[in-house]
Amino acid sequence: MQFFRRLFHHLRPRSPRDNSDGVHDKSTLHCVVQYLDNTEANFNVNKQVLGRDLYELVYNDLDFQYEHEYFGLQYTDFHSVRYWIDPTKPLKK
């Protein structure tokens, strides 16, 4: 089951000077998903979206179509505590 686990690093929204395209929105989260092979995928999502929406973005990025029930995302807070993302709750929770 380890193959299906992905590690999600929760990052604060970037400041305007850190954003290369000059667009900054406080309602957006910049998410970096680190896969088991140490590659990373970047996603900008609205804070109001549900966890399942981020799951769908990751599924599409991986072209992953089957056995989603074995797949999970974790995030690490600023105190290095890990939490599982609940697909039924908004990401901001």
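**Basis.** I worked from a predicted model, in which local features need pLDDT of at least 70 and side-chain atom pairs count only at pLDDT 80 or more, while totals for chains, interfaces and linings use all residues. Residues are numbered from 1 along each chain as its sequence is written, and side-chain values use heavy atoms, with hydrogens and water left out.

**Helix α1.** I took helices (H or I, at least four residues) and strands (E, at least two) as DSSP runs, numbered from the N terminus. I noted Gly-51, Leu-54, Tyr-55, Val-58 and Tyr-59 as buried in α1 (under 20% relative accessible area, 1.4 Å probe, protein chains only). Seen down the axis of α1, the buried residues fall within an arc of 145° (directions from the axis to the C-beta atoms), so they line one face of the helix. Just after α1, I found Asp-63 with a positive phi of about 55°.

**Aromatic pairs.** I found six in the structure, counting rings of Phe, Tyr and Trp (its six-membered ring) with centres within 6.5 Å; planes under 30 degrees apart count as stacked, over 60 as edge-to-face and the rest as tilted. Tyr-55 and Phe-71 have ring centres 6.0 Å apart and planes at 75°, so this pair is edge-to-face. Tyr-55 lies in helix α1 and Phe-71 in the loop between α1 and β4 (72-76), 16 residues apart. Phe-71 is buried, at 7% relative accessible area. The Tyr-59 and Phe-64 pair is tilted, 5.9 Å centre to centre with 40° between the planes. I recorded Tyr-55, Tyr-59, Phe-64 and Phe-71 as one aromatic cluster.

Terms used:
Buried means under 20% relative accessible area, exposed over 50%, partly exposed in between (1.4 Å probe, protein chains only).
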